[in-house]
Every structure is written in structure tokens, then in C-alpha cells.
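Please read this note with the sequence and the model side by side, and check each point against what you see. The points move from confidence, through the overall build, to single residues.

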Amino acid sequence: MSAAPSQNVAIRTGRVTRAVIYTLLILAAAYYLLPFYIMLVNSLKPLAEIQQGRMMALPLEWTLDPWRSAWSTAQIGVSPTGLRPYFMNSFLMVVPAVVISTALGALNGYVLTKWRFRGDGYVFGLMLFACFIPFQIAVIPMAAVLGWLGLSGTIAGLVLVHAVYGLGFTTLFFRNFYAAFPTELVRSAMVDGAGFFRIFTRILLPLSTPIIIVTVIWQFTNVWNDFLFGASFSDFDSFPMTVALNNLVNSSTGVKEYNVHFAGAILAALPTLIVYIVSGRYFVRGLMAGAVKG
Amino acid sequence: MSSPQTAFMQISGLRKRFGTLEILKGIDLELEQGGFLVLVGPSGCGKSTLLNTIAGLEPISDGTISVEGREINDLHPSKRDIAMVFQSYALYPNMTVAGNIAFGMEMRGVPKPERDKAIESVAKTLQISHLLDRKPSQLSGGQRQRVAMGRALVRDPKLFLFDEPLSNLDAKLRVDMRIEIKRLHATTGKTIIYVTHDQIEAMTLATKIAVLKDGELQQVGTPAEIYNRPANIFVADFMGSPSMNLLAGKVATTADGFVLDMALKDGSVRLKLPSSIASSALAAGQDVILGIRPEAITDRDGADRNSKSVETVHGRVELVEPAGSDTFVITHLAGKEVTARMRADAVVKPGETVPFAFNLEKAVLFDPASQKRL
């Protein structure tokens, strides 16, 4: 009750400000949504309508053909497979890469905060380095390592690269989260007879949901959207989605099928979009959780 | 030092260093079976570190810890047959109360039916049966405290360790739980080591108190010994509330024996020292500090009639604190604030000069240089 009048005052006095804020927000949203709108409407038109120069208009004739083509029949490089196999490649790359880097990051965070050892600060500092090294620097040495391991041009090789490069960030996330995690819980579990891994799996992990979600979103979008490593380390049968999309747009058999390209681009962005929509609200909450939890 | 067979737990020459910083500087301590040892001291004195080394949560730099004659220095906490109650209770937030209590047994591979039986009996003892399905976040502070104790009790260990278990509770609950812990000790007869900075908890619970300061034991003894015969000025000052009055004076000899001269604002006062405290090697002209508890300074009618050595000193009352059961009267003598504990109905008003009856049989003398009791 006591809060209600002050709230009303806030609304009344802030009417002009509010209008300005909303106008700006709507303009910003429109600015960001316009490209998506163009992609979406043009992916639902026959090519002829686009060639008439009606980019902004809604389709006269609605069709899903460009989507079908992009998914299963479009020319990617030399073969008319559509994006489907590469979509699968991306999943085969993303899922293990995210799982491995998240699991190892959690373990690193656990060790760096609850099983301190001499020089652990330096180890953490070196791991943080991975967050700041431009990936381009690592391309040639990494190619050598992959060749040496016999993983060149394979999905397993891409998984390794992404897991290794994700580790800096995932370790940072989990270390900061576990730094605020009460050490007495760990000690209590030790007295109760739980060992290193059981403390981790029974006590820490069940209480790590927010930071796991943050890490998974971060890693999923980064690995899925990566083009550099995909273009550098993959082969015809191991291209991830991003590289295949590039090849789809660049392989010309005469006319540029813009509607197919638009559909393909949306398909490529869809998984990260879904991940954000489903768990995005946890993202902010998770980033805050480590800070407020005492 | 007695043989390890007689002591249930024995610590000798225990040192703990963090780099060059020494936290525990050679602790020697013994505890008999069924004893209740309270480690007490100001914050930073190393009492919690000492408890953690006994638990095995902190490695030690030097010395030995043994239980029942067996050295446990290098044993993992889970192998020491101990249970610990933490200051923050350290309840696992993701598990129910029953899950929390059973976790230790689960880790040790106790079969489920047995676990359930043990949970039930402990929950009954602590009156938390109705809380078993709740999560720790749904419990009040006192309930969490009970669950933490239940988790320790259910294991039926050789040794219980309590790390300031009552410091997060409000005053009333703290007194209730204190009584409960004492009752628990009386009924189970378990050996307990208990860390606190609260000297009242120490006095009321312990069968043995160890007072620590800066990583060194100041005194180990029964509550009565610690209270009545403090080994040094630190212990005298730390234990007891309000704390012991410490007054500087000079020893002199008369035909009757030793006396103590104290300088007052106007002149001085001469107190005859009873043989109980003057028996030690005192010398005329020696500077000493007289330690006397507030309850040994009373109004004349309230003085202990059995005491053969009551001396009267007049002082100006500065402040009167009625505490209900007693009245604390604050004055200044020999340049120091002095608290006297008078009967509740003693008639004293601030500003008056009244006689204070010193029961010197209850007093102790300290050497100002070494700070030790004479």
C-alpha cells in the first residue's frame, strides 16, 4: 500500500521522459529488426519477386520453396546437398565442445577455489590469457597441433579447438562463482566422508545451475557462430554451418538465389536464437547470482 | 605429562605456520574421555585453526595429535571418526533436512533402512521430526542449528567438534541452545571440543577451558580454576563479565605480615593481604597488580561473612547500573575504573562517597612486568 502512491507519482511526473524513452527503444528495435524482417519476407518469396526490386514488400505469392532448397537441395560448393549435413556437423561440433569446456571449466573453478595449491593464482592468470589472445594468432600453431594429432579436417579436431579456447572463459565464470561459494560446505562434506569428486557432484554442481546456464549460452553461441576455426580447420565433409552458409552464398550457378540465401542465413542463426529465447533470462540472473550470494 | 593411555585426546607441540606467519605456537593439550573442552580467546587467537587441525581440515606444521593413543596427524577428516558443527551450520542447501542428516552415512555406505532409522531417532532427540522434508532455506536459525547438531549426532563419532555454533543466534535462543548442548553432553557422555569467543559459554559448558591468545595457550584448567586463579592478567581480564578489576599497588611489610599500599587521588590506602594470596615470595617495595572480581567488592552488609579478610576502601560513586538481580557500581580507585557488584537493594547514588568492602580472600596478585600471577 505504501509503495503505491509513490509509484503513481513516478508515472505522472515521468510521462514525457517515458515517451522519449519508448520512442528511442522502438526506433532501436526497428533498426535491429528491419534486417531480420527483410530476410524473413524475402525468404518467403519466389526469386522473381525479389528481382523486381520489391525488397521491402510482403510476398505476393507465399512460398516455402527457398527454405526447402536451402535445407536440402541447394548447391554447397560442388554438391547439391543443402545446409542439412552441415547443420548436423555444427551440432556434432557444438554439443561436445560445449559439454567438455563447461565440465572442465567447472572442475577448474572448483580446484582453483576449493583445493588451492601453491601458485594457483598464476595458473588462473595464464588461463585468463586465453580470453585475450586473438584467435588469429593461434591458427597456424593449432593447425600444426591438429596435424600432429591426426585430427586435421575432422569434427573431432574442431571440438578440440573450441573446447580448448572456451576453457579460459568457462574457468573464469566458474572460478568467480565458486569463489563466493561457502567453503564450510566443502569442509562439512569432507568431514562427512565425501571425496574430491563426490563433493563436486553432490554439493557444488547441484548449486551451480545459474552459472552452468550462463556458460552454456556463452559457449554455444560462440562455437556455433565461429567462422575462423571452421574455415581454417575443417574439410568438405566436416564444414560447420557457418562455412557452409558462406559457400552457399558464394557458389553461383548463374543467378544469385537471394531468397534461398536469406532462408539459409535464418536457418544458421536459429539455434542460437532459440537458446537465447529459452534461457536468456537466466543469463542476466546468472551473471548477477555470483555477486549477491554471500 | 601423563601417559597417552589416560588421555583420550592428546596434542603435543602442535605448530601451524602459514608461510612465515606462525598461527599456533606449540600447543600442548589433553582431554579425558567424556570431557567438554572449550577453546576460548579473542578473534585471531588461533582457536578455530586449532579446531580445524584437530578435524584434519588444516594440515599441521609440527607436533602430534592423537586420539585414544593413535596418532591422527595425517588422517583425512573423514577417517578421524569426528563430527563437526560449523559456525554457519554448513547445511547442504540442495538437500532436505533428512538428506543433510543422512549424507555422512550415505558417504560411508550405510544401507538405506539403517539410515532411515538413525535419522528418525536423532530427529526425535532434537525434536525436528516434523522438519525432515524441508530444505534448509525454509528453516529458522534455531532449527538450522538443530539440524546441524543432528547431522553430527547421527554419526555417533568419538569426538564432537563445535566451531562457534551459537554465534549466529539471537541472545535468547543462544541461552536455550547452550542449555540444550549441555544437556546433550550430560546424556550422551560424548567427548566434545568447542570453540567460542564468548566467555560465558566457556564457563557454563566446559569441564575444561583452554584460553588462547596469539597462538599460545595462556591457561588450561577447570572453569573454577580459570575464573578464580587466572594464570595471568590476560586470562583475568578476558574471563568474566564485567571483567576483573586490576589495581596497581606496592607491597610493604608490617609486623602482621604483608600489606598492599595503593595510591588514591587523595592520599593512599593500605590493605592487609591475607596469607592465602601473600604466601608466595613477595618482597617489600615490590610493585604488584591486585586483581579482584566485581563480586568480591560489595557494600559492607553484602560482604562475605565467612571471609577473614574484608578491607574497606572509600570511593566516590560515579555510575550505578541496576541489572535487576544485582547493582553494578562504578568508581575510580588508584587511577583505574573499578566495578563493584552490590546487592540489588543496596542504597548507592552517583556522587556519594561510600565504603567498598574488598574481600581479599578472593583477590589475586600479578607481577606487572611478567603479567603472571604471583
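1. How to read the model. This is a predicted model, in which local features need pLDDT of at least 70 and side-chain atom pairs count only at pLDDT 80 or more, while totals for chains, interfaces and linings use all residues. Residues are numbered from 1 along each chain as its sequence is written, and chains are lettered from A and ligands numbered from 1 in the order in which they are written.

2. Confidence in chain A. Helices and strands are DSSP runs numbered from the N terminus, where a helix (H or I) has at least four residues and a strand (E) at least two. Within chain A, confidence is lowest in helix H1 (residues 3-13), with a mean of 51, and highest in helix H5 (residues 84-114), at 95. Residues 1-7 of chain A have a pLDDT below 50, and this stretch has zero contacts in the model beyond near neighbours in sequence; two residues are in contact if their C-beta atoms, placed from the backbone, lie within 7 Å. For residues 290-294 of chain A the pLDDT is also below 50, but this stretch has five contacts beyond near neighbours in sequence.

3. A helix with a bend. Helix H2 of chain A (residues 15-43) has 29 residues and reaches 40 Å from its first C-alpha to its last, which is close to the 42 Å expected at 1.5 Å a residue; the expected span is 1.5 Å times one less than the number of residues. H2(A) bends by about 35 degrees at A:Leu33, and a proline, A:Pro35, follows within four residues. The bend at a residue is the angle between axes fitted to the seven residues ending there and the seven starting there.

4. Burial along that helix. A residue is buried if 20 or more other C-beta atoms lie within 10 Å of its own, exposed if 12 or fewer, and partly exposed in between, with C-beta atoms placed from the backbone. The buried residues of H2(A) are A:Val41, A:Asn42 and A:Ser43. A:Tyr22 also lies in helix H2 of chain A, and this residue counts as exposed because 10 other C-beta atoms lie within 10 Å.

5. The build of chain B. The secondary structure of chain B comes to nine helices and 20 strands, and along its principal axes the C-alpha trace spans about 80 × 45 × 35 Å. Of the 374 residues in chain B, 41% are buried. Among contacts in chain B between residues at least 6 apart in sequence, 66% join residues at least 24 apart.

6. Two domains in chain B. Chain B is divided into domain 1 (9-238) and domain 2 (245-366), with bounds that come from an automatic or database domain assignment. The centres of the two domains, taken over C-alpha atoms, are separated by 39 Å, and the contact takes six residues from domain 1 and five residues from domain 2.

7. Where the chains meet. In the model, 17 residues of chain B are in contact with 14 residues of chain A. On the side of chain B that touches chain A, strand E6 (82-85) and helix H2 (97-107) of chain B each supply at least two residues. The residues of that side divide into twelve nonpolar, four polar and one charged, where Ala, Val, Leu, Ile, Met, Phe, Trp, Tyr, Cys and Pro count as nonpolar, Asp, Glu, Lys and Arg as charged, and the others, Gly among them, as polar.

8. Backbone details to check. Most residues other than glycine have a negative phi, and most peptide bonds are trans. Phi of B:Tyr89 is near 70 degrees, a positive value; B:Tyr89 lies in the loop between E6 and H2 of chain B and is buried, with 24 other C-beta atoms within 10 Å. Phi of B:Asp214 is near 50 degrees, also positive, and B:Asp214 is partly exposed, with 15 other C-beta atoms within 10 Å. The peptide bond from B:Ser241 to B:Pro242 is cis, with omega near -5 degrees, and B:Pro242 has its place in the loop between helix H8 (233-238) and strand E11 (245-254) of chain B.

Notes. pLDDT = per-residue confidence, 0-100.
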